[in-house]
Amino acid sequence: MTSLQVWRTFEPDSYYKTFLEHSKRPDGRGLSNFRPINIKVGTVTTAEGSATVRLGHTTVMCGIKAEIATPTLRHPDEGFIVPNVELYPCCSPMFKAGPPGEKAIGLSQFLKNVITSAEVLLPSDLCIAPNKFAWCLYCDVVCLNYDGNLYDASLIALMAALQNVLLPEVSYDEESEKATVSPERTLPLKLKRRPVSSTFTMYSDSIQLVDPTAEDEEQGSGEVTVVLLEDGSLCTIHKPGGHSIVSDFLDKFINLARKRVKLVNSAICKALAERKV
Amino acid sequence: MAQHACELSFLSRSDGSALYSIGLNVALASVNGPGDVKVSNRLYNRSHLEVCYSPSTGHSMIRERALESIIMRTVEQAILVHLHPRTAINITIQEMQSDGLALSASVNAACMALLDAGIQMKTTFAAVTCCITPAGTVIIDPTEAEIQESVAEATFVFESSGEASVLTAHQDGRLSYEDFKKCLHQCQVASRDVFAFYRRMTEKKYQNEAES
(Lines give C-alpha, C1' and ligand atoms only; values in the text may rest on other atoms or scores of the structure.)
Protein backbone atom coordinates (compact mmCIF):
# COMPACT_ATOMS: atom_id res chain seq x y z
CA MET A 1 0.00 0.00 0.00
CA THR A 2 1.35 3.38 -0.92
CA SER A 3 1.06 6.19 1.58
CA LEU A 4 -1.65 7.75 -0.58
CA GLN A 5 -3.82 4.64 -0.32
CA VAL A 6 -3.21 4.51 3.42
CA TRP A 7 -4.35 8.10 3.70
CA ARG A 8 -7.47 7.37 1.67
CA THR A 9 -8.36 4.30 3.75
CA PHE A 10 -7.76 5.72 7.20
CA GLU A 11 -8.67 9.38 6.76
CA PRO A 12 -11.17 9.46 3.86
CA ASP A 13 -12.59 12.83 4.91
CA SER A 14 -9.31 14.71 5.08
CA TYR A 15 -8.09 12.99 1.88
CA TYR A 16 -11.17 14.17 0.03
CA LYS A 17 -11.12 17.65 1.53
CA THR A 18 -7.55 18.23 0.38
CA PHE A 19 -8.60 17.65 -3.21
CA LEU A 20 -11.48 20.11 -2.90
CA GLU A 21 -9.17 22.75 -1.44
CA HIS A 22 -7.35 22.63 -4.76
CA SER A 23 -10.68 22.72 -6.68
CA LYS A 24 -10.13 19.18 -7.91
CA ARG A 25 -11.75 15.82 -7.31
CA PRO A 26 -9.96 12.51 -6.69
CA ASP A 27 -10.79 11.36 -10.24
CA GLY A 28 -8.99 14.41 -11.69
CA ARG A 29 -12.05 16.43 -12.67
CA GLY A 30 -12.71 20.03 -11.71
CA LEU A 31 -15.80 20.80 -9.62
CA SER A 32 -18.00 21.71 -12.58
CA ASN A 33 -16.84 19.14 -15.14
CA PHE A 34 -19.06 16.31 -16.29
CA ARG A 35 -17.87 12.78 -16.96
CA PRO A 36 -17.76 11.46 -20.52
CA ILE A 37 -20.99 9.83 -21.73
CA ASN A 38 -20.99 6.63 -23.75
CA ILE A 39 -24.30 5.48 -25.27
CA LYS A 40 -25.15 2.35 -27.22
CA VAL A 41 -28.69 1.65 -28.37
CA GLY A 42 -30.28 -1.66 -29.29
CA THR A 43 -28.14 -3.65 -26.86
CA VAL A 44 -30.95 -6.03 -25.88
CA THR A 45 -32.18 -7.71 -29.05
CA THR A 46 -35.21 -9.36 -27.41
CA ALA A 47 -36.61 -6.01 -26.22
CA GLU A 48 -38.62 -3.56 -28.34
CA GLY A 49 -36.14 -0.83 -27.45
CA SER A 50 -32.99 -0.73 -25.37
CA ALA A 51 -29.90 1.27 -24.52
CA THR A 52 -26.78 0.96 -22.42
CA VAL A 53 -25.30 4.12 -20.98
CA ARG A 54 -21.95 4.68 -19.32
CA LEU A 55 -21.34 7.82 -17.33
CA GLY A 56 -17.75 7.45 -16.21
CA HIS A 57 -17.88 4.09 -14.40
CA THR A 58 -21.63 4.18 -13.81
CA THR A 59 -23.23 1.70 -16.19
CA VAL A 60 -26.98 1.53 -16.64
CA MET A 61 -29.01 -0.57 -19.01
CA CYS A 62 -32.60 0.10 -20.03
CA GLY A 63 -34.82 -2.36 -21.86
CA ILE A 64 -38.37 -1.60 -22.97
CA LYS A 65 -40.83 -4.42 -23.45
CA ALA A 66 -44.22 -3.72 -25.01
CA GLU A 67 -47.35 -5.66 -24.19
CA ILE A 68 -50.93 -5.19 -25.24
CA ALA A 69 -53.17 -4.46 -22.25
CA THR A 70 -56.70 -3.28 -21.57
CA PRO A 71 -57.01 0.45 -20.77
CA THR A 72 -58.43 1.48 -17.41
CA LEU A 73 -62.08 2.52 -17.15
CA ARG A 74 -61.06 5.99 -16.01
CA HIS A 75 -58.81 6.60 -19.04
CA PRO A 76 -60.20 4.36 -21.81
CA ASP A 77 -58.02 5.92 -24.54
CA GLU A 78 -54.67 5.87 -22.77
CA GLY A 79 -51.79 3.40 -22.75
CA PHE A 80 -49.29 2.88 -19.97
CA ILE A 81 -45.61 3.63 -19.39
CA VAL A 82 -44.21 1.85 -16.36
CA PRO A 83 -40.62 2.72 -15.43
CA ASN A 84 -38.98 0.41 -12.92
CA VAL A 85 -35.46 0.63 -11.55
CA GLU A 86 -33.62 -2.40 -10.21
CA LEU A 87 -30.51 -1.97 -8.08
CA TYR A 88 -28.95 -5.36 -7.41
CA PRO A 89 -26.13 -5.99 -4.92
CA CYS A 90 -23.75 -6.74 -7.79
CA CYS A 91 -23.54 -3.06 -8.77
CA SER A 92 -22.58 -1.81 -5.31
CA PRO A 93 -22.45 -3.21 -1.75
CA MET A 94 -24.76 -0.29 -0.84
CA PHE A 95 -27.70 -2.26 -2.16
CA LYS A 96 -29.11 -5.41 -0.62
CA ALA A 97 -30.96 -8.26 -2.26
CA GLY A 98 -34.70 -8.44 -1.71
CA PRO A 99 -37.55 -5.99 -2.29
CA PRO A 100 -36.59 -2.65 -3.89
CA GLY A 101 -34.97 -0.24 -1.46
CA GLU A 102 -35.55 3.45 -0.85
CA LYS A 103 -33.17 4.55 -3.61
CA ALA A 104 -34.71 2.28 -6.27
CA ILE A 105 -38.24 3.40 -5.40
CA GLY A 106 -37.22 7.06 -5.39
CA LEU A 107 -35.61 6.67 -8.78
CA SER A 108 -38.62 4.88 -10.32
CA GLN A 109 -40.92 7.63 -9.06
CA PHE A 110 -38.53 10.26 -10.41
CA LEU A 111 -38.54 8.73 -13.91
CA LYS A 112 -42.32 8.46 -13.85
CA ASN A 113 -42.61 12.08 -12.74
CA VAL A 114 -40.29 13.24 -15.54
CA ILE A 115 -42.22 11.33 -18.22
CA THR A 116 -45.56 12.77 -17.13
CA SER A 117 -44.32 16.31 -16.36
CA ALA A 118 -42.43 16.65 -19.62
CA GLU A 119 -45.15 14.89 -21.63
CA VAL A 120 -42.44 12.84 -23.34
CA LEU A 121 -45.11 10.97 -25.20
CA LEU A 122 -48.85 11.23 -24.97
CA PRO A 123 -50.51 8.22 -23.31
CA SER A 124 -53.23 8.52 -25.95
CA ASP A 125 -50.66 7.74 -28.68
CA LEU A 126 -50.28 4.29 -27.13
CA CYS A 127 -53.96 3.49 -27.53
CA ILE A 128 -54.86 0.94 -30.21
CA ALA A 129 -58.63 0.75 -29.76
CA PRO A 130 -60.37 2.77 -27.01
CA ASN A 131 -61.65 0.59 -24.15
CA LYS A 132 -60.17 -2.52 -25.78
CA PHE A 133 -56.46 -2.46 -26.45
CA ALA A 134 -53.55 -0.19 -25.59
CA TRP A 135 -49.80 -0.60 -25.44
CA CYS A 136 -48.15 -0.96 -22.07
CA LEU A 137 -44.45 -0.11 -22.13
CA TYR A 138 -42.46 -1.72 -19.32
CA CYS A 139 -39.25 0.30 -19.03
CA ASP A 140 -36.84 -1.71 -16.90
CA VAL A 141 -33.70 0.09 -15.85
CA VAL A 142 -30.94 -2.05 -14.37
CA CYS A 143 -27.77 -0.68 -12.88
CA LEU A 144 -24.75 -2.82 -13.75
CA ASN A 145 -22.07 -0.75 -12.05
CA TYR A 146 -22.75 1.99 -9.54
CA ASP A 147 -20.45 4.97 -9.38
CA GLY A 148 -22.79 7.80 -8.50
CA ASN A 149 -25.30 9.92 -10.38
CA LEU A 150 -27.92 7.29 -11.12
CA TYR A 151 -30.52 9.96 -11.84
CA ASP A 152 -28.75 11.28 -14.93
CA ALA A 153 -27.58 7.89 -16.16
CA SER A 154 -30.99 6.25 -15.90
CA LEU A 155 -32.83 9.15 -17.54
CA ILE A 156 -30.36 9.15 -20.47
CA ALA A 157 -30.76 5.36 -20.79
CA LEU A 158 -34.54 5.63 -20.65
CA MET A 159 -34.71 8.41 -23.25
CA ALA A 160 -32.27 6.62 -25.59
CA ALA A 161 -34.24 3.37 -25.26
CA LEU A 162 -37.57 5.13 -25.91
CA GLN A 163 -36.14 6.60 -29.11
CA ASN A 164 -34.99 3.13 -30.08
CA VAL A 165 -38.44 1.51 -29.62
CA LEU A 166 -40.07 -0.02 -32.69
CA LEU A 167 -43.64 -1.17 -32.10
CA PRO A 168 -45.28 -3.63 -34.50
CA GLU A 169 -48.29 -2.25 -36.31
CA VAL A 170 -51.61 -3.42 -34.93
CA SER A 171 -54.84 -3.35 -36.87
CA TYR A 172 -58.14 -3.57 -35.06
CA ASP A 173 -61.17 -5.10 -36.62
CA GLU A 174 -64.32 -3.62 -35.11
CA GLU A 175 -66.70 -6.33 -36.21
CA SER A 176 -64.84 -9.29 -34.77
CA GLU A 177 -63.30 -7.10 -32.02
CA LYS A 178 -59.95 -8.68 -32.68
CA ALA A 179 -56.54 -7.11 -33.01
CA THR A 180 -53.97 -8.42 -35.47
CA VAL A 181 -50.29 -7.75 -34.95
CA SER A 182 -48.08 -7.51 -38.00
CA PRO A 183 -44.52 -7.91 -36.73
CA GLU A 184 -42.92 -7.19 -40.11
CA ARG A 185 -44.19 -3.59 -40.13
CA THR A 186 -42.82 -1.58 -37.23
CA LEU A 187 -43.20 2.04 -36.22
CA PRO A 188 -41.12 4.25 -33.89
CA LEU A 189 -42.75 6.15 -31.00
CA LYS A 190 -43.71 9.79 -31.45
CA LEU A 191 -41.67 11.52 -28.77
CA LYS A 192 -42.73 15.09 -28.11
CA ARG A 193 -39.97 16.25 -25.80
CA ARG A 194 -36.55 15.11 -24.73
CA PRO A 195 -35.77 16.03 -21.11
CA VAL A 196 -32.20 15.95 -19.80
CA SER A 197 -31.29 15.89 -16.13
CA SER A 198 -28.21 17.25 -14.39
CA THR A 199 -27.36 16.29 -10.82
CA PHE A 200 -25.30 18.25 -8.33
CA THR A 201 -24.00 17.20 -4.94
CA MET A 202 -23.82 19.75 -2.16
CA TYR A 203 -20.63 19.51 -0.14
CA SER A 204 -20.79 22.75 1.83
CA ASP A 205 -22.47 26.15 1.58
CA SER A 206 -20.02 27.27 -1.09
CA ILE A 207 -18.90 24.01 -2.74
CA GLN A 208 -21.14 22.09 -5.13
CA LEU A 209 -20.03 19.27 -7.39
CA VAL A 210 -21.63 18.38 -10.71
CA ASP A 211 -22.11 14.80 -11.92
CA PRO A 212 -21.06 13.20 -8.59
CA THR A 213 -19.27 9.86 -8.34
CA ALA A 214 -20.17 7.42 -5.55
CA GLU A 215 -17.34 8.93 -3.48
CA ASP A 216 -18.65 12.47 -4.05
CA GLU A 217 -22.12 11.40 -2.98
CA GLU A 218 -20.80 9.76 0.16
CA GLN A 219 -18.74 12.80 1.16
CA GLY A 220 -21.38 15.35 0.21
CA SER A 221 -24.75 15.83 1.87
CA GLY A 222 -27.59 15.45 -0.56
CA GLU A 223 -28.21 15.95 -4.26
CA VAL A 224 -30.21 18.33 -6.41
CA THR A 225 -31.45 17.12 -9.78
CA VAL A 226 -32.54 19.69 -12.34
CA VAL A 227 -34.41 18.39 -15.40
CA LEU A 228 -34.57 20.76 -18.35
CA LEU A 229 -36.22 20.57 -21.75
CA GLU A 230 -34.73 21.60 -25.07
CA ASP A 231 -36.48 25.01 -24.96
CA GLY A 232 -34.86 25.76 -21.60
CA SER A 233 -38.01 25.37 -19.50
CA LEU A 234 -37.87 23.53 -16.22
CA CYS A 235 -39.40 20.06 -16.37
CA THR A 236 -38.84 19.21 -12.73
CA ILE A 237 -36.52 19.99 -9.89
CA HIS A 238 -35.89 17.19 -7.45
CA LYS A 239 -34.26 17.87 -4.13
CA PRO A 240 -35.19 15.28 -1.52
CA GLY A 241 -33.80 16.99 1.58
CA GLY A 242 -30.04 17.21 2.00
CA HIS A 243 -27.93 20.31 2.64
CA SER A 244 -30.05 23.43 2.23
CA ILE A 245 -29.32 25.88 -0.58
CA VAL A 246 -30.15 29.51 -1.15
CA SER A 247 -32.07 30.29 -4.33
CA ASP A 248 -29.03 31.96 -5.99
CA PHE A 249 -27.38 28.57 -6.18
CA LEU A 250 -30.41 27.12 -7.90
CA ASP A 251 -29.90 29.75 -10.62
CA LYS A 252 -26.28 28.68 -10.97
CA PHE A 253 -27.30 25.02 -11.29
CA ILE A 254 -29.95 25.76 -13.88
CA ASN A 255 -27.44 27.74 -15.96
CA LEU A 256 -24.92 24.89 -15.85
CA ALA A 257 -27.63 22.36 -16.69
CA ARG A 258 -28.76 24.39 -19.74
CA LYS A 259 -25.42 23.80 -21.44
CA ARG A 260 -25.73 20.07 -20.91
CA VAL A 261 -29.12 19.59 -22.60
CA LYS A 262 -27.82 19.94 -26.16
CA LEU A 263 -24.73 17.90 -25.41
CA VAL A 264 -26.65 14.90 -24.09
CA ASN A 265 -29.35 14.99 -26.75
CA SER A 266 -26.76 15.10 -29.54
CA ALA A 267 -24.93 12.16 -27.94
CA ILE A 268 -28.19 10.18 -28.02
CA CYS A 269 -28.81 11.18 -31.65
CA LYS A 270 -25.29 10.08 -32.57
CA ALA A 271 -25.80 6.69 -30.92
CA LEU A 272 -29.11 6.22 -32.76
CA ALA A 273 -27.53 7.15 -36.09
CA GLU A 274 -24.66 4.70 -35.50
CA ARG A 275 -27.19 1.94 -34.95
CA LYS A 276 -28.97 2.62 -38.22
CA VAL A 277 -25.81 2.45 -40.37
CA MET B 1 -53.44 31.11 1.95
CA ALA B 2 -55.53 28.37 3.47
CA GLN B 3 -56.27 28.24 7.18
CA HIS B 4 -53.56 26.49 9.23
CA ALA B 5 -54.50 24.82 12.50
CA CYS B 6 -52.58 22.62 14.86
CA GLU B 7 -53.12 20.69 18.06
CA LEU B 8 -50.03 19.66 19.99
CA SER B 9 -49.76 16.55 22.19
CA PHE B 10 -52.80 15.08 20.50
CA LEU B 11 -51.77 11.53 21.43
CA SER B 12 -51.19 10.62 25.06
CA ARG B 13 -48.73 7.73 24.65
CA SER B 14 -46.19 9.07 22.18
CA ASP B 15 -43.28 11.34 23.12
CA GLY B 16 -44.57 14.08 20.90
CA SER B 17 -47.46 14.40 18.50
CA ALA B 18 -49.27 16.96 16.43
CA LEU B 19 -52.48 17.11 14.46
CA TYR B 20 -51.91 19.61 11.68
CA SER B 21 -54.35 20.89 9.12
CA ILE B 22 -54.01 23.13 6.11
CA GLY B 23 -57.46 23.82 4.75
CA LEU B 24 -59.04 20.41 4.21
CA ASN B 25 -55.75 18.52 4.54
CA VAL B 26 -55.19 16.89 7.90
CA ALA B 27 -52.16 14.89 8.99
CA LEU B 28 -51.35 13.36 12.35
CA ALA B 29 -47.68 12.95 13.23
CA SER B 30 -46.31 11.05 16.19
CA VAL B 31 -42.68 11.06 17.30
CA ASN B 32 -41.06 8.47 19.56
CA GLY B 33 -37.47 8.68 20.59
CA PRO B 34 -34.57 8.87 20.92
CA GLY B 35 -35.08 5.27 22.03
CA ASP B 36 -34.27 1.64 21.42
CA VAL B 37 -32.88 0.67 18.06
CA LYS B 38 -32.66 -2.62 16.19
CA VAL B 39 -29.08 -3.92 16.10
CA SER B 40 -28.99 -3.78 12.30
CA ASN B 41 -29.89 -0.07 12.36
CA ARG B 42 -27.57 0.90 15.20
CA LEU B 43 -25.22 3.66 14.04
CA TYR B 44 -22.16 4.48 16.11
CA ASN B 45 -22.08 8.20 15.34
CA ARG B 46 -25.68 9.25 14.98
CA SER B 47 -29.26 8.40 15.69
CA HIS B 48 -31.18 6.25 13.23
CA LEU B 49 -34.23 7.94 11.77
CA GLU B 50 -37.34 6.11 10.62
CA VAL B 51 -40.34 7.63 8.91
CA CYS B 52 -43.53 5.70 8.36
CA TYR B 53 -46.33 7.23 6.31
CA SER B 54 -49.75 5.62 6.12
CA PRO B 55 -52.39 6.86 3.69
CA SER B 56 -55.98 7.57 4.69
CA THR B 57 -57.28 4.80 2.44
CA GLY B 58 -55.66 1.65 1.10
CA HIS B 59 -52.24 0.21 1.72
CA SER B 60 -48.87 1.92 1.66
CA MET B 61 -47.65 1.68 -1.94
CA ILE B 62 -44.88 3.21 -4.05
CA ARG B 63 -46.22 6.77 -3.71
CA GLU B 64 -46.17 6.51 0.08
CA ARG B 65 -42.67 5.01 0.08
CA ALA B 66 -41.47 7.93 -2.05
CA LEU B 67 -43.15 10.42 0.33
CA GLU B 68 -41.51 8.70 3.31
CA SER B 69 -38.14 9.05 1.66
CA ILE B 70 -38.65 12.77 0.95
CA ILE B 71 -39.84 13.46 4.51
CA MET B 72 -36.99 11.42 5.99
CA ARG B 73 -34.30 13.25 4.00
CA THR B 74 -35.82 16.59 5.02
CA VAL B 75 -36.15 15.84 8.73
CA GLU B 76 -32.67 14.32 8.79
CA GLN B 77 -31.16 17.70 7.95
CA ALA B 78 -33.00 19.51 10.72
CA ILE B 79 -32.55 17.09 13.65
CA LEU B 80 -29.19 17.08 15.43
CA VAL B 81 -28.84 13.32 14.91
CA HIS B 82 -25.24 13.21 16.18
CA LEU B 83 -26.37 14.05 19.75
CA HIS B 84 -27.89 10.61 20.30
CA PRO B 85 -25.69 7.88 18.86
CA ARG B 86 -26.95 4.26 18.95
CA THR B 87 -30.62 5.27 19.27
CA ALA B 88 -33.60 5.51 16.94
CA ILE B 89 -36.12 8.27 16.38
CA ASN B 90 -39.42 7.10 14.90
CA ILE B 91 -41.77 9.42 13.10
CA THR B 92 -45.15 8.05 12.13
CA ILE B 93 -47.46 10.08 9.97
CA GLN B 94 -51.09 9.22 9.44
CA GLU B 95 -52.86 11.02 6.63
CA MET B 96 -56.34 11.78 7.96
CA GLN B 97 -57.80 13.71 5.08
CA SER B 98 -56.26 14.92 1.84
CA ASP B 99 -57.10 17.66 -0.62
CA GLY B 100 -53.91 17.84 -2.64
CA LEU B 101 -51.50 19.04 0.04
CA ALA B 102 -50.63 15.73 1.70
CA LEU B 103 -46.88 16.40 1.52
CA SER B 104 -46.87 19.87 3.05
CA ALA B 105 -49.39 18.91 5.75
CA SER B 106 -47.29 15.92 6.79
CA VAL B 107 -43.96 17.78 6.73
CA ASN B 108 -45.42 20.54 8.90
CA ALA B 109 -47.06 18.00 11.21
CA ALA B 110 -43.70 16.24 11.57
CA CYS B 111 -41.98 19.52 12.47
CA MET B 112 -44.58 20.36 15.12
CA ALA B 113 -44.47 16.83 16.55
CA LEU B 114 -40.67 17.05 16.80
CA LEU B 115 -41.00 20.38 18.62
CA ASP B 116 -43.59 18.81 20.91
CA ALA B 117 -41.29 15.87 21.66
CA GLY B 118 -38.45 18.27 22.45
CA ILE B 119 -36.02 16.71 19.99
CA GLN B 120 -33.02 18.99 19.46
CA MET B 121 -33.09 20.55 16.02
CA LYS B 122 -30.82 23.08 14.39
CA THR B 123 -33.74 24.71 12.63
CA THR B 124 -37.47 24.34 12.21
CA PHE B 125 -38.80 23.82 8.72
CA ALA B 126 -42.02 24.55 6.87
CA ALA B 127 -43.43 23.21 3.63
CA VAL B 128 -45.45 25.33 1.25
CA THR B 129 -47.20 24.03 -1.86
CA CYS B 130 -48.20 26.23 -4.75
CA CYS B 131 -49.57 25.71 -8.22
CA ILE B 132 -49.58 27.91 -11.27
CA THR B 133 -52.67 28.38 -13.44
CA PRO B 134 -52.55 28.42 -17.26
CA ALA B 135 -52.93 32.22 -16.99
CA GLY B 136 -49.76 32.41 -14.92
CA THR B 137 -51.21 33.16 -11.47
CA VAL B 138 -49.56 31.49 -8.51
CA ILE B 139 -51.96 29.94 -6.00
CA ILE B 140 -50.54 29.21 -2.55
CA ASP B 141 -52.07 26.20 -0.75
CA PRO B 142 -54.29 25.13 -3.67
CA THR B 143 -57.11 22.61 -3.44
CA GLU B 144 -57.06 19.30 -5.34
CA ALA B 145 -59.40 20.77 -7.97
CA GLU B 146 -57.10 23.75 -8.49
CA ILE B 147 -54.10 21.44 -8.87
CA GLN B 148 -55.93 19.41 -11.53
CA GLU B 149 -56.63 22.61 -13.47
CA SER B 150 -53.10 23.98 -13.14
CA VAL B 151 -50.09 23.54 -15.43
CA ALA B 152 -47.63 22.75 -12.67
CA GLU B 153 -47.47 22.20 -8.94
CA ALA B 154 -44.44 22.66 -6.70
CA THR B 155 -43.68 22.04 -3.03
CA PHE B 156 -40.78 23.67 -1.24
CA VAL B 157 -39.54 23.11 2.29
CA PHE B 158 -37.71 26.06 3.85
CA GLU B 159 -35.46 26.42 6.86
CA SER B 160 -36.44 29.04 9.42
CA SER B 161 -32.87 30.04 10.25
CA GLY B 162 -30.70 32.24 8.03
CA GLU B 163 -32.05 33.41 4.72
CA ALA B 164 -34.83 30.83 4.42
CA SER B 165 -32.83 28.44 2.26
CA VAL B 166 -34.49 25.54 0.48
CA LEU B 167 -34.29 22.12 2.13
CA THR B 168 -36.49 20.21 -0.27
CA ALA B 169 -37.99 20.93 -3.65
CA HIS B 170 -40.48 18.84 -5.56
CA GLN B 171 -42.17 19.79 -8.80
CA ASP B 172 -44.85 18.23 -10.98
CA GLY B 173 -45.44 19.66 -14.42
CA ARG B 174 -43.45 21.97 -16.69
CA LEU B 175 -42.55 25.54 -15.70
CA SER B 176 -40.62 28.24 -17.45
CA TYR B 177 -37.62 29.52 -15.51
CA GLU B 178 -39.37 32.83 -14.73
CA ASP B 179 -42.48 31.06 -13.45
CA PHE B 180 -40.32 28.82 -11.30
CA LYS B 181 -38.66 31.84 -9.72
CA LYS B 182 -42.07 33.40 -9.13
CA CYS B 183 -43.34 30.22 -7.42
CA LEU B 184 -40.23 29.90 -5.27
CA HIS B 185 -40.40 33.52 -4.17
CA GLN B 186 -44.10 33.44 -3.30
CA CYS B 187 -43.67 30.21 -1.36
CA GLN B 188 -40.75 31.75 0.51
CA VAL B 189 -42.93 34.70 1.51
CA ALA B 190 -45.75 32.34 2.55
CA SER B 191 -43.36 30.27 4.65
CA ARG B 192 -42.84 33.26 6.97
CA ASP B 193 -46.52 33.10 7.93
CA VAL B 194 -46.16 29.39 8.65
CA PHE B 195 -43.15 30.04 10.91
CA ALA B 196 -45.11 32.77 12.70
CA PHE B 197 -47.91 30.25 13.19
CA TYR B 198 -45.42 27.69 14.63
CA ARG B 199 -44.24 30.32 17.09
CA ARG B 200 -47.78 31.16 18.22
CA MET B 201 -48.60 27.47 18.75
CA THR B 202 -45.48 26.72 20.79
CA GLU B 203 -45.82 29.90 22.83
CA LYS B 204 -49.39 28.91 23.66
CA LYS B 205 -48.27 25.42 24.66
CA TYR B 206 -45.55 26.63 27.05
CA GLN B 207 -47.78 29.34 28.47
CA ASN B 208 -50.41 26.71 29.34
CA GLU B 209 -47.74 24.53 30.89
CA ALA B 210 -46.40 27.40 32.99
CA GLU B 211 -49.87 28.26 34.26
CA SER B 212 -50.86 24.73 35.24
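**Stop 1: a loop in chain A**

Select Glu119(A), which sits in the loop of chain A between α3 (102-118) and β5 (127-129). This is a predicted model, so treat each stop as a feature of a prediction. Look at the backbone of Glu119(A): its phi is near 50°, a positive value in a residue other than glycine. Most residues other than glycine have a negative phi. Is Glu119(A) buried or exposed, or something in between? Its relative accessibility is 30%, so Glu119(A) counts as partly exposed.

Now move along to Asn131(A). You will find Asn131(A) in the loop of chain A between β5 and β6 (133-145). Its phi is near 70°, again a positive value in a residue that is not glycine. Asn131(A) has 45% relative accessibility, so this residue also counts as partly exposed.

**Stop 2**

Take residues 34-168 of chain A: 24% of the span is helix and 37% is strand. Its end C-alpha atoms are 38 Å apart. Then take residues 195-259 of chain A, with 29% helix and 34% strand. Here the end C-alpha atoms lie 13 Å apart.

**Stop 3**

Phe95(A) lies in the loop between β4 (80-86) and α3 of chain A, and Tyr146(A) lies in the loop between β6 and α4 (150-164) of chain A, so the pair ties together parts that are 51 residues apart in sequence. Both Phe95(A) and Tyr146(A) are buried.

Next, select Tyr20(B) and Tyr198(B). They form another edge-to-face aromatic pair, 6.5 Å centre to centre with 85° between the planes. Tyr20(B) is in strand β2 (residues 16-22) of chain B and Tyr198(B) is in helix α4 (residues 177-211) of chain B, so this pair ties together parts 178 residues apart in sequence. Tyr20(B) and Tyr198(B) are buried. Ring pairs link Tyr20(B), Phe195(B), Phe197(B) and Tyr198(B) into a cluster.

**Stop 4**

Residues 6-120 of chain B are 29% helix and 33% strand, with end C-alpha atoms 20 Å apart. Residues 125-185 of chain B are 25% helix and 43% strand, with end C-alpha atoms 16 Å apart.

Zoom in on Gly33(B) and Pro34(B). What kind of peptide bond joins Gly33(B) and Pro34(B)? The bond is cis, with omega about -5°. Most peptide bonds are trans. Pro34(B) is in strand β3 (residues 25-35) of chain B.

**Stop 5: two serines in chain B**

Select Ser14(B), in the loop between β1 (4-8) and β2 of chain B. Its relative accessible area is 15%, so Ser14(B) is buried. Show what surrounds it. Setting aside neighbours within four places in sequence, Ser14(B) is in contact with Ser30(B), Val31(B) and Asn32(B).

Jump to Ser191(B), in helix α4 of chain B. Its relative accessible area is 0%, so Ser191(B) is buried. Follow its side chain, which reaches the backbone oxygen of Gln188(B) at 2.7 Å. Ser191(B) also touches Val128(B) and Phe158(B), not counting residues up to four places away in sequence.

**Stop 6: where the chains meet**

Show chain A and chain B together. The contact takes 30 residues from chain A and 28 residues from chain B. About 2,500 Å² is buried between chain A and chain B, and carbon and sulfur atoms give 53% of that area. Which three residues supply more of the area that chain A buries against chain B than any other three? Select Glu102(A), Ile105(A) and Leu234(A), which supply 20% of it.

Finish with Arg258(A) and Tyr177(B). Arg258(A) lies over the face of Tyr177(B), 5.2 Å from the ring centre.

Definitions and conventions. Residues numbered from 1 in each chain as written. Chains lettered and ligands numbered in written order. Predicted model: local features only at pLDDT ≥ 70, side-chain atom pairs only at ≥ 80, totals over all residues. Heavy atoms only, no water. Helix = DSSP H or I, 4+ residues; strand = E, 2+ residues; numbered from the N terminus. Buried < 20%, exposed > 50% of the residue type's maximum accessible area, 1.4 Å probe, protein only. Phe/Tyr/Trp six-rings, centres within 6.5 Å; stacked < 30°, edge-to-face > 60°. Lys NZ or Arg CZ within 6 Å of the ring centre and 35° of its normal. Contact = heavy atoms within 4.5 Å. Polar contact = N/O pair within 3.5 Å; in protein donor to acceptor, adjacent residues only side chain to side chain. Buried area = accessible area lost by both parts, 1.4 Å probe.
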